[in-house]
Amino acid sequence: CEGFPYLECEIPYVCRHEMVVTVIDMLTLRTRIAFLNKEAALSIAPKVADLMAVELGWSRAEKKRQLKQAIDVLNTFGGPKPDMAAVEAELKRSGKEVKTVQQVFANMDLGKTGYIDLTEFRDCCEMLGIPFKSDKDAKKAFDRVDANGNGKIDEMEFVNWWKKDDRLKDKLANKFKFAVDKAGSGPESRGAAFG
């Protein structure tokens, strides 16, 4: 796909060596292009289905089913960047509120993998209106949270970082309408309410 760091030859490789068996998996979890740009993912979905069909020996019916399923999922995405006004309106309408640090983490875990990678961290901060000046600045902030340095922020690292004094945390708290002073340490911090 033009403008993205993905090659056609990666599709068969990933099918053979990483056990990918669905077009949805390829576009969301393996390449993450669906999270980066919905329209780009939609435009390459047919080619991805063709390549996967050859590699995995799909019938025409299976290829068609896989492609339809992928397009249906991609159409649930909000576009290249989520419409935060629409997300906030939906949260108000549904009565759901982010009430704990764990829920802030869950909202930033865009791929729902149980961890936040550098791309999710940077993209989520940007879509919340807290962009970094450079990739270097994003990496520096990410590394402050990634305590074990494995390139993934798990929930415990995120919660421990949240307890520290950090300007980024304050900005995130403001975006999620979180009462930072209620997220201290000790038993009163568990289930801290947003204010």
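Trainee: Is D143 buried, partly exposed or exposed, and what is its relative accessible area?
Mentor: This is a predicted model, in which local features need pLDDT of at least 70, side-chain atom pairs count only at pLDDT 80 or more, and totals for chains, interfaces and linings use all residues. Residues are numbered from 1 along each chain as its sequence is written, and side-chain values use heavy atoms, with hydrogens and water left out. Buried means under 20% relative accessible area, exposed over 50%, and partly exposed in between, with a 1.4 Å probe and protein chains only. D143 is therefore partly exposed, at a relative accessible area of 36%.

Trainee: Which residue forms a salt bridge with D143?
Mentor: A salt bridge is a side-chain nitrogen of Lys or Arg within 4 Å of a carboxyl oxygen of Asp or Glu. The closest N and O atoms of the pair are 2.8 Å apart. The partner counts as partly exposed at 38% relative accessibility, and the residue is K139.

Trainee: Which helix holds both D143 and K139?
Mentor: Helices (H or I, at least four residues) and strands (E, at least two) are DSSP runs, numbered from the N terminus. D143 and K139 are 4 residues apart, about one turn of the helix. Both lie within residues 135–145, which is helix α9.

Trainee: How many residues apart in sequence are the parts that R30 and E18 tie together?
Mentor: R30 forms a salt bridge with E18, with 3.4 Å between the closest N and O atoms. R30 belongs to helix α2 (residues 23–30), whereas E18 sits in the loop between α1 (10–17) and α2, so the pair links parts whose separation in residues is 12.

Trainee: How many salt bridges does the structure hold?
Mentor: Side chains of opposite charge can pair when their charged atoms come close. The pairs of R30 with E18 and of D143 with K139 are examples. For the structure the number of salt bridges is 12.

Trainee: How many disulfides are there?
Mentor: A disulfide is a pair of cysteine sulfur atoms within 2.5 Å. C9 is exposed at 53% relative accessibility, while C15 is buried at 8%. By the distance rule, the count of disulfides is 0.
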